[in-house]
Each structure stands twice: as structure tokens, then as C-alpha cells.
Amino acid sequence: MISDDTAAVRPPVLLPGDAVLLVSPSGPTSPERVARGTELLTGWGLRPVPAPNAYARHGYLAGTDDLRAADLNAAFTDPEIRGVICTRGGYGVQRVVDAIDMAAVRRDPKVVAGFSDITALQFALWRGARLAGVHGPGAAWRDERTPLRSAESLHAALMTTEPVSIAAVPTEETFDVRVPGLATGTLLGGNLCMIAASIGTPDLPDLTGAVLLIEDVQEPPYKVDRMLTHLRRAGALDGLAGVAVGQFTDCGDGWDTTIVDVLTERLGDLGVPVLGGLPIGHGPNQLTVPVGTQATLNAENGTLTASPAVQ
């Protein structure tokens, strides 16, 4: 059980002038897709540097496993690099996490930002180095999905040491998923598919006493049911402190059973507070939240507040 921030390694806050490596450890992207993210990071005073293989392509992967692992290790071993910004998710990081030089991560901790498939990278870094991270948009930035408020949220998580507080939004589809109560614990999780795919691996964290964050995209209700049922049957949800429910984007069209129905049924009888409606995930206006730090989930007033991932 991880009960407080003293168990987490919080890397240094990013400062103007710091170099950040743009890595693609999962799916492929292009310079055109990353141009807007590069512009934002540069505007914050950071120096975004594309990794040598950031734009490689190998089928549905951003280059071969060796190339993607090499870029991650280059980020963790180069003392000039002070942060690691993933370009996007997609699929593939689970194929390379066992090749990460965890000794280098522990010697010189750096903040790592990303979401979706990057949940598997955050899990591996938590297992291997107890490294707190940032669940937020990647450098393949789209203003129509992640407008100014999203940019401000990512900036605050990377470049300030203030706690992050996110309020449930009534217009979010999962807003009605709620079990009243107050929970405090280490915030862990992210993309539900990647959490479920970590069952049976060394990377699934012990969630005893933790606040579990879940979100997903384009998964029909029965698949979300299957993943949550798998986690329950595996005992992974035993002893949770609470559940923070983010965006489940494009997960319910054409089904009689809604995603809210599934989340309410599969989470509502765990005996812990549950808060839905959080704008965290793949949907419009995505906000950034630390993972691996102490958090308070207040399902009475509809807020999730987490200690910063950086110090």
C-alpha cells in the first residue's frame, strides 16, 4: 500500500530553457501533427527536441521496438534532457517497457507526460522507479480537441508545483456516475484498456488504498464491462480507496445499455466513493492530472485534487 507522497519520486519542475525530448513510444505520428505542440512548448520557454526516431514508422508502430526503446533510454540517460513528452498514444509501449534503463530513471528522474497507451509506460516507471508522472495531452496537439484551457492545465502540471484540482463537469457523459463519499490515496491508473492489459504483468500496481483513475475511447459498453469484471475477478480492485472516472469517449452509440449503466453497475457496489464527469481522457477539453501522487477524491462536492507530480 502506498499511503503518501514520500513513497513517490517527484522529478524536478520544468523551467524555462529546459530541453524536453519528444518521443513516440507507441503509435506513429508526423512532424505536421506535432508542429502545434512544439509551438506551445516553445511558447512556454521550453526547448522541444524531437527524438531521433520520433517520426519513424513500422506498420502501426512508431518504428521498431529497438528504435522506440532507444529513444526512451536516450531521454532518461541524457543529462541535458529535463522532461519527456510523448507525442501520442496508439499502441506499442508495452512491447518495450522491459527494455527501459530503470537505473538511469532512478539516477536522474524526469517528468514524463502522455496518456492513452502511455498509461503502460507510467505503470512501468512507477514499478521500476516509483516515478510520479503526468496524465495529459501529448505533443501531437489539436486545438479543436484541446483548446486553451487544456494547454493551461498541461503547463501548470509541468511547470508549477501547485496542486492540481479538477471538477466534475455536468456536460460530461459520465457525470451521473457517482457514489458519495471522500477518499484519499495515491492516484494511479489512466486508460482502462491498458490497466486491464497489465493484469498478470509486473506493472499492475497494488491498488490497495489507492484512488483509481479510469478513462477510455471507442470501447462499447460490453467491452468496458469485460475489462472491469476482469479487474474485479483478478482482485485488482480489492481495497481501493476510491475511483475517479474520466471521459469515456465514443463508447456508447447504438447500444441499449449505456456506458453510464455499465460504470454505475460495475463500480457502484465496490463500497468506495466514485466520482464521474471528470474531463480527463480522450474527449474535448481534456485536462491534465498527476499520477503517482497523493490525491483526494470528493464525491460530495465533485472534485479531484492531486499533489503535483513535480517539485
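Student: Before we start, which pLDDT do local features need here?
Tutor: This is a predicted model, where side-chain atom pairs count only at pLDDT 80 or more, totals for chains, interfaces and linings use all residues, and local features need pLDDT of at least 70. Residues are numbered from 1 along each chain as its sequence is written, and side-chain values use heavy atoms, with hydrogens and water left out. So the pLDDT that local features need is at least 70.

Student: How many helices and strands does the chain have?
Tutor: Helices (H or I, at least four residues) and strands (E, at least two) are DSSP runs, numbered from the N terminus. For this chain they come to eight helices and 14 strands.

Student: What is the radius of gyration of the chain?
Tutor: The radius is taken over C-alpha atoms, and the globule rule is 2.2 Å times the number of residues to the power 0.38. With 311 residues, a compact globule would come out near 19 Å, and the chain agrees with that. Its C-alpha atoms fill a box of roughly 50 × 45 × 40 Å along the principal axes. The radius of gyration of the chain is 18 Å.

Student: What share of the residues counts as buried?
Tutor: Buried means under 20% relative accessible area, exposed means over 50%, and partly exposed is in between (1.4 Å probe, protein chains only). Of the 311 residues of the chain, the buried share is 60%.

Student: Which strands stand at the edges of the open sheet of eight strands?
Tutor: Two strands pair if DSSP finds at least two bridges between them. The open sheet has mixed pairing and the order S6-S14-S13-S8-S9-S10-S11-S7. Each edge strand has a single partner strand, so one side of it is left without a neighbour in the sheet. The edge strands are S6 (164-167) and S7.

Student: Inside that order, what is the bridge partner of Leu213 in S10?
Tutor: Strand S9 (residues 211-217) pairs with S10 in the parallel sense, over six bridges. In S10, the partner of Leu213 is Ala244.

Student: Let's move to S4. Which of its residues are buried?
Tutor: Strand S4 covers residues 111-114, and both of its faces are covered.

Student: Which residue stands opposite Val112?
Tutor: Strand S3 (residues 81-86) and S4 pair in the parallel sense over three bridges. The residue opposite Val112 in S4 is Val84.

Student: How does the chain cross from S3 to S4, and what is the handedness of the crossover?
Tutor: The chain goes through helix H3 (residues 102-107) in a β-α-β crossover. A crossover is right-handed if, with the strands pointing away from the viewer, the path from the first strand over the helix to the second runs clockwise. This one, from S3 to S4, is right-handed.

Student: Why is the pair of Tyr222 and Trp255 said to tie parts together?
Tutor: Their ring centres are 5.4 Å apart and the planes are at 50°, so the pair is tilted. Tyr222 lies in helix H7 (residues 221-233), and Trp255 in the loop between strand S10 (242-249) and helix H8 (259-268). So the pair ties together parts whose distance in sequence is 33 residues.

Student: Is Gln218 buried or exposed?
Tutor: Gln218 lies in the loop between S9 and H7. Its phi is positive, about 55°, although Gln218 is not a glycine. With a relative accessible area of 59%, Gln218 is exposed.

Methods:
Rings of Phe, Tyr and Trp (its six-membered ring) pair if their centres lie within 6.5 Å; planes under 30 degrees apart count as stacked, over 60 as edge-to-face and the rest as tilted.
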